[in-house]
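Open the model in your viewer and keep the selection tool at hand. We will go one stop at a time.

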2 protein chains.
Amino acid sequence: MMVTANNTMDKEDFQLGSFFPYKVRVFGTAVSTAVSSVYRERYGLSVSEWRTMAILGRNQALSASEIVERSSMDKVNVSRAVQALRKKEFLRRDIDGEDRRKSVLRLTEKGLAVFNDVIPLVRDVEAALTENLSAEEQAVLLTLMEKVQKNAEALIGDMSAEAANGS
Amino acid sequence: MMVTANNTMDKEDFQLGSFFPYKVRVFGTAVSTAVSSVYRERYGLSVSEWRTMAILGRNQALSASEIVERSSMDKVNVSRAVQALRKKEFLRRDIDGEDRRKSVLRLTEKGLAVFNDVIPLVRDVEAALTENLSAEEQAVLLTLMEKVQKNAEALIGDMSAEAANGS
DNA sequence: TCCTGATAGTATCAATTGCAACTATATGTC
DNA sequence: GACATATAGTTGCAATTGATACTATCAGGA
């Protein structure tokens, strides 16, 4: 589906404040700020670092690319998060004996302690974010977000395809 | 409402993929990327620049701080967007005769042409994002996003208040 | 007038992110 | 074994963003 200029109505009164993608961005920023403040203020963790820790969690030993698959971060992001977490001694990196390109990443004792500390805090924020929504409303919200997200991903795919073949 | 660690359930199986704020972020990134690609690829506009242009739109002459009020950007962001748009000659800045601290910003002919060009394209993307949602679903989505956003903003306010008084 | 405090906007520096190029290791084919 | 190709991860550079501090102008008294 090509993006062409079909939509000509209301050209005269475009209002940013009622533009759907704008609202999504403002919404996302607010939610994101509320949560990331928790782990940033307490432990100086960036979003990438938090995500990396969250995926490793307890008992998991994963390679960087496995983290990429599960985190919707790219490999550069993960690589840098791993570096930062190693410097903080929250994470240990070994080399895979079978395939020496691969790393084997796991939280250290110290990292695990932080993780255990942070989890209930972020869960509290998560709960507070949706406290005045019924269970059904929460489910509806997630469903609708997923639908829109799929549409967005399809559009992005189309655009990069068009860019690639030069049309 | 203080953020303390009340939520201790399910400590053992935290899954990033089902963590609400994570989902919101992935959703927001997808939507944002889909829209911003349009104006970035065609005119090299950043989000801040696009927002600034969208608020000025046709016929509007506003000061930088009026743009701040309407765009959920901070003044640094707006200042930089204005600089970039002036360099591209999409925007003209005059000084307010009454109050020489204030700028009077408006789109140039060139900027207006770009604006007229972009508006139908972003509207198409907006429409495509929600094409498989009924009108009611769209309304519900917006309402629920707003509720969550208000919760998030309240949390952020609480946190900075606590940070300020050191508790 | 002079002083104080507020407001408008800019400049500076550090942290974050994205993109592209690069190194190292592994795999498959001849 | 040697070459071509793919995969794992890192590094470097440029663009974006955020927080703080700074300059210029205004407004309200003493």
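**Stop 1: one chain**

Select chain A, which has six helices and two strands. Keep in mind that this is a predicted model. Color chain A by secondary structure and walk from the N terminus: the order is α-α-α-α-β-β-α-α. Now look at how chain A packs. Its length is 167 residues, and 32% of them count as buried. Take the contacts in chain A between residues at least 6 apart in sequence: 51% join residues at least 24 apart.

**Stop 2: where the chains touch**

Show chain B next to chain A. The contact takes 65 residues from chain A and 64 residues from chain B. Stay on the side of chain B that touches chain A. Select α1 (20–43), α2 (47–56), α3, α5 (109–129) and α6 (135–165) of chain B; each gives two or more residues to this side. Which element gives the largest share? That is α1(B), with 16 residues. Color this side by class: 35 residues are nonpolar, 15 polar and 14 charged.

**Stop 3: DNA strand C**

Now select DNA strand C and the 19 residues around it. Those that come nearest are Arg100(A), Ala64(B), Ser65(B), Ser79(B) and Arg101(B). Next, highlight the helices at this surface. In chain A, pick α2 (47–56) and α4 (75–87). In chain B, pick α3 (64–71) and α4 (75–87). Each of these supplies at least two residues. The largest share, four residues, comes from α4(B). Finish by coloring the surface near DNA strand C by class: seven charged, seven polar and five nonpolar residues.

Key
Residues numbered from 1 in each chain as written. Chains lettered and ligands numbered in written order. Predicted model: local features only at pLDDT ≥ 70, side-chain atom pairs only at ≥ 80, totals over all residues. Buried ≥ 20, exposed ≤ 12 C-beta atoms within 10 Å, placed from the backbone. Contact = placed C-beta atoms within 7 Å. Near = placed C-beta within 6 Å. Nonpolar A, V, L, I, M, F, W, Y, C, P; charged D, E, K, R; others polar.
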